[in-house]
Amino acid sequence: NESFSNMTLFQMLNTDTNVGFSVHAGSSTKNSPVDITFMIVSGTNYCSASHRISRKSNDFHHLTFMYDRGKSERRALIFSGSRRVAGSDRVLFDDLNTRGADFVIGSGSKVNYGRLGSSFIPAQTFTGSINELRVFGSSRTSLELEMNAGRSVFGTDNLNLYYRFNEPTGSYTNNSVVLDHSGKSLHSKITNYATTMRSNTAYSR
């Protein structure tokens, strides 16, 4: 629960075209709450939603970040569990093609947004723990979020990426590998891996 500066949780952003999305945390002093922001950008067009969470020791937050393209929404949304806690203004994007940009976890690039030259600039890499990360190609209903919040899911056509981060620790080759359980085989590796990055500490929900 130490102080930290702006940092990115995960991001997929083409910095040449400024198209993509980012989930990032604002700076926070020791034991203070932190604002988590979900931002989608396409050139100067953007939408964002923010939600403030506590930083108690071993606190677990099940957060979902969603852009619903349906006519009734067209917003950036944040859910805590199955409860909607934040939403942006309505924005319809003409183009959200990131054109091969990397999906990055734990670090990210500067995000420019709006016509007045505003930006979010990460000042450090991510400090904290991520239990699982799931990327779907379609929006989730509140019922789906509630049903799957506390259990593993299995590969479906619209599950594009699924990291459980539960690979075994130990002294063996390739222990920096992260396995994708979506069925798409998008396995990856942790840069600057250290065994201390994997924790068996239980979270409080």
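I call a residue buried under 20% relative accessible area, exposed over 50% and partly exposed in between, using a 1.4 Å probe and protein chains only. The model is predicted, so I took local features only at pLDDT of at least 70 and side-chain atom pairs only at pLDDT 80 or more, while totals for chains, interfaces and linings use all residues. Residues are numbered from 1 along each chain as its sequence is written, and side-chain values use heavy atoms, with hydrogens and water left out.

**Ser-22**

I looked up Ser-22 and found 1% relative accessibility, so Ser-22 counts as buried. Ser-22 belongs to strand β2 (residues 19-25); strands are DSSP runs of E, at least two residues, numbered from the N terminus. Its side chain makes a polar contact with that of Gln-11 at 3.3 Å. For that term I need a pair of N or O atoms within 3.5 Å; within protein, one must be able to donate a hydrogen and the other to accept it, and residues adjacent in sequence count only if both atoms are side-chain atoms.

**Rings**

I pair rings of Phe, Tyr and Trp (its six-membered ring) with centres within 6.5 Å; planes under 30 degrees apart are stacked, over 60 edge-to-face, the rest tilted. I got 7 aromatic pairs this way. Tyr-67 and Phe-93 are edge-to-face, because their ring centres are 5.5 Å apart and their planes at 70 degrees. Tyr-67 is in strand β5 (residues 63-68) and Phe-93 in the loop between β7 (83-87) and β8 (103-105), 26 residues apart. Both are buried. I also noted a cluster, linked by ring pairs, of Phe-10, Phe-21, Phe-38, Phe-65 and Phe-103.

Definitions and conventions
Helices (H or I, at least four residues) and strands (E, at least two) are DSSP runs, numbered from the N terminus.
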